[in-house]
Amino acid sequence: MAFTLYSLIQAAILCVNAVAVLHEERFLSKIGWGVDQSIGGFGDEPGIKVQLMNLIRSVRTVMRGEVKRSTV
Amino acid sequence: TMDLPHHGYRATKQRARAAPPQADPVLFEDTSSSASAMNTQGYYTPGYNMGAPSSDMQGGAGMDNLFADPMANAAMMYGSSLANQGKDMVNKEISRFMSVNKLKYFFAVDTRYVLKKLMILMFPYTHQDWEVRYHRDTPLTPRQDVNAPDLYIPTMAFITYILLAGMALGIQKRFSPEVLGLCASTALVWIIIEVLVMLLSLYLLTVHSDLSTFDLIAYSGYKYVGMIFTVLCGLLFGSDGYFVALAWSSCALMFFIVRSLKMKILPSISADSMGTGSAKPQLRLYITVATAVFQPIIIYWLTSHLVR
């Protein structure tokens with residue numbers, strides 16, 4: 001497998017795009033990964049699932065450039 | 001100081017990165033500009049001293065007394081001020097992306113450190129003390145602490161690996177200049193992938209260690225030393241030598257990575273009851289072991305096509 005830097009940039013853009021198009025209502029809430037389901041315990045260790053949901057939400061916010069609506 | 005790496009991890013990291021400008025002026029001060037200013041002043045004074053008596057005697061011999069000529073003086077001053085402006089502008093632009101002081105820390109090496117580190121990389125089984133030593137919250141430079149990661153060895157090893165790959169392909173009569181660039185970018189891409197995966201897994205598991213991005217680049221660049229050794233043995237001793245060297249450098253590198261990262265990722269004697277159960281230490285162990293196991297795989301992948 002011979003990689004070039006261009007193929008790495010392509011793969012990165014496609015991955016980020018895939019994360020950005022995950023729809024909040026239709027998909028993430030259905031499988032229990034919505035933003036309103038991530039406020040769990042307030043201990044110091046959020047856990048993998050909460051971290052992943054935060055990551056997805058922040059990627060979507062940065063990539064879409066929208067103003068946050070009522071569901072913070 | 002035993003619980004310093006565990007408490008206030010982020011604070012330590014930020015303090016560590018903010019403190020260096022006052023900590024070690026010899027390291028972080030750019031002495032090249034003052035040295036060159038002294039040099040040019042040294043040029044000017046003998047020029048003037050030589051120019052004055054000889055112009056009295058010979059009336060303006062311009063060849064020998066270049067620096068006594070006022071026009072050349074003015075031109076040199078103007079050129080050096082232009083160069084300084086350009087240097088300041090470049091520094092300002094670069095320091096927007098990464099801190100140059102942090103980068104200078106990784107290149108503060110000397111010969112003794114490089115030799116000891118190379119020996120540890122190839123034969124880590126006799127090294128006793130793997131703890132990175134601190135000096136008032138700032139990590140010690142590689143000059144003073146053998147366990148500190150540096151970026152000099154990975155950079156040099158990377159370039160040497162590319163040249164060696166070109167030579168190995170030339171021996172097999174498969175060389176062309178594009179292959180060199182392809183090999184270089186493949187190796188670079190694998191480093192980037194590995195560093196990104198490490199960063200992602202450290203973030204997801206909320207491991208508060210003081211491993212910065214440059215540290216991870218350094219640790220994943222150490223495998224190039226093993227790769228160079230493997231390729232050399234493969235070229236000199238044929239296929240058997242290649243596999244023996246591959247096994248040796250894989251074991252040494254796995255041991256090195258596990259011992260080095262264990263100090264930073266796994267809490268060793270944590271007195272506080274962090275972690276909600278036994279899931280956390282196991283996951284951190286998995287990260288360390290996965291990083292170690294990844295090294296031989298990538299060494300084999302990147303070198304097997306060079307030694308047929």
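## Chain A: burial and fold

Of the 72 residues in chain A of this predicted model, 21% are buried (under 20% relative accessible area with a 1.4 Å probe, protein chains only; exposed is over 50%, and partly exposed lies in between). The accessible surface of chain A is about 5300 Å², and carbon and sulfur atoms supply 65% of that; these areas come from the Shrake-Rupley method with a 1.4 Å probe.

Chain A has three helices and zero strands, arranged as α-α-α along the sequence. Here helices are DSSP runs of H or I with at least four residues, and strands are runs of E with at least two. Among contacts in chain A with a separation of 6 or more, 43% join residues 24 or more positions apart, a contact being heavy atoms within 4.5 Å.

## Cysteines

Let's turn to the cysteines. Cys15(A) is exposed, at 51% relative accessible area, whereas Cys233(B) is buried, at 12%. Over all chains, the disulfide count is zero, where a disulfide is a pair of cysteine sulfur atoms within 2.5 Å.

## Annotated spans in chain B

An unreviewed UniProt entry lists "transmembrane region" for residues 151–172, 179–205, 225–258 and 283–302 of chain B; such annotations may be inferred rather than shown by experiment. Residues 151–172 of chain B are 91% helix and 0% strand, with end C-alpha atoms 32 Å apart. For residues 283–302 of chain B, the figures are 100% helix, 0% strand and 28 Å.

## Reading notes

Residues are numbered from 1 along each chain as its sequence is written, and chains are lettered from A in the order in which they are written. Local features need pLDDT of at least 70 and side-chain atom pairs count only at pLDDT 80 or more, while totals for chains, interfaces and linings use all residues; side-chain values use heavy atoms, leaving out hydrogens and water.
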